[in-house]
Amino acid sequence: MRYALRHMGIAGAVLAVAAPALAASSPSDPLKSVMWDILRDQYFDGAPVVFDTAVKVTAPAAAEDTRAVPLSVDATALERVVEMVAIADLNPFPLVLRYHPGNAAPYIATRIKIQQATAVRGAARTADGVWHVSGVLVDAAGGGCSAPPASYAQKDWADHVGEVQARLWPAGEDGVARLRLRIRHPNDTGLVDGIPAYFVETLQVDAQTPGGSPTLARIDSLEPVSENPVYSLDIRPPPDATALILRGRDNQGGEIRATIPMPLPDAKPAISLKPVGQPWSVGQ
């Protein structure tokens, strides 16, 4: 509460001094969330904000499973997107992830935890520094963030942490290839007494080429991403790429790494599974 009042006080002081400027960059929230003013100040750091239907946020109107709510943010209608964020306003940890698409298309899909009915937002920052924001309301019974991961019920869950399963589709005429990732990880929020937070923190996709390993995209993920996180990205591999390299870590220093071979143009998507510390295996 003190945190919220402190931010509201700062926002009020700024409004009193520069109301016309803020009126242009901070329009009223179409979702009418009580948290919008605070979240805007916290996550957009005073940058101009516009509500823009060019950003497409897709999530169910009612969550069937609050521990795994499908969410996609599509900003491909905008030009020169340099960063994207996903936010669930009324979650204990509102910020879900930050996505740095690099040369990838500005699109990301995943599954998230929701603690209660909330506005769920996607935002894309363009090269001119403006945040383009959109969102939807998701109804939910609650408890998704505070429920313990189902992984803990399995005796051997720790032996599988960091396993990666990936599907890579051949690139289309526009050079864009769909990449889908699944990482075995409890992604625990730490809200259960006596159990520390334990979640995947960063993921980076690089291209393996004869001339080096350029980075294609990076995800900075946080506690609200669901257990065994799943991501769909639209990347642009270089023409001479022989494979994609996934690198990452969790918040306790555990490493995540996998090599994803490039599929042939007419082949089925490559399916890959690499347990940590074990040989690489590929199936079709």
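This is a predicted model: local features need pLDDT of at least 70, side-chain atom pairs count only at pLDDT 80 or more; totals for chains, interfaces and linings use all residues.
A residue counts as buried when its relative accessible area is under 20%. N187 sits in the loop between β10 (177-183) and β11 (200-208). Its phi is positive, at about 45°, although N187 is not a glycine. D45 lies in the loop between α2 (36-44) and β1.

Nine strands form an open sheet, and the pairing within it is mixed. Read across the sheet, the order of the strands is β1-β8-β7-β4-β5-β12-β11-β14-β15. At the edges stand β1 (49-51) and β15 (255-261), each of which pairs on one side only. Neighbouring strands of this sheet are turned against each other by 15° on average, when direction is ignored.

Strand β4 (residues 81-88) pairs with strand β5 (residues 95-100) in the antiparallel sense, over four bridges. Within this pairing, I87 stands opposite L95 in β5. Strand β11 has two antiparallel pairings to follow. With strand β14 (residues 243-250), β11 pairs over eight bridges in the antiparallel sense, and here V205 has L246 of β14 as its bridge partner. With strand β12 (residues 215-221), β11 is joined by five bridges, and the two strands again run antiparallel. On this side D206 has T215 of β12 as its bridge partner. The hairpin of β11 and β12 has six residues between the strands, and in it G212 takes a positive phi near 150°.

What lies in the nonpolar interior? The largest nonpolar core holds 48 residues, and Y99, I108 and I235 touch the most other members. Leaving out residues up to four places away in sequence, Y99 touches E83, M84, A104, A105, Y107, I108, A217, R218, I219 and L233. Apart from this core lies another, of 12 residues, among them L39, V49, L95 and V133. In soluble globular proteins, nonpolar side chains tend to be buried together.

Helix α2 brings the aromatic residues into view. Its buried residues are W36, I38, L39, R40, Y43 and F44, and the helix is followed by D45 with its positive phi. The structure holds five aromatic pairs. One of them joins W36 and F44, whose rings are 6.0 Å apart from centre to centre, with 50° between the planes, a tilted arrangement. Both W36 and F44 are buried.

Another aromatic pair is that of W36 and F51. The ring centres are 5.2 Å apart and the planes stand at 50°, so this pair is tilted. The pair links distant parts of the chain, as W36 is in helix α2 and F51 in strand β1, 15 residues apart. Is each partner buried, exposed or something in between? W36 has a relative accessible area of 3% and is therefore buried, whereas F51, at 24%, is partly exposed. Together W36, F44, F51 and W131 form one aromatic cluster.

A last stop is H132, found in strand β8 (residues 131-138). H132 has a relative accessible area of 12%, so this residue is buried. Which residues does H132 contact, leaving aside neighbours within four places in sequence? They are V50, D52, V55, L78, G122, A123, A124 and T126. With T126 there is also a polar contact of 3.2 Å between the two side chains. Finally, H132 and A75 are 57 residues apart in sequence, while their C-alpha atoms are 8.8 Å apart in space.

Key:
Residues are numbered from 1 along each chain as its sequence is written. Side-chain values use heavy atoms; hydrogens and water are left out. A nonpolar core is a set of buried Ala, Val, Leu, Ile, Met, Phe, Trp, Tyr and Cys residues joined through side-chain atoms within 4.5 Å. Buried means under 20% relative accessible area, exposed over 50%, partly exposed in between (1.4 Å probe, protein chains only). Contact means heavy atoms within 4.5 Å. Two strands pair if DSSP finds at least two bridges between them. Axes are lines fitted to C-alpha atoms, for helices over the stretch in contact, and angles run from 0 to 180 degrees between N-to-C directions. Rings of Phe, Tyr and Trp (its six-membered ring) pair if their centres lie within 6.5 Å; planes under 30 degrees apart count as stacked, over 60 as edge-to-face and the rest as tilted. A polar contact is a pair of N or O atoms within 3.5 Å; within protein, one must be able to donate a hydrogen and the other to accept it, and residues adjacent in sequence count only if both atoms are side-chain atoms.
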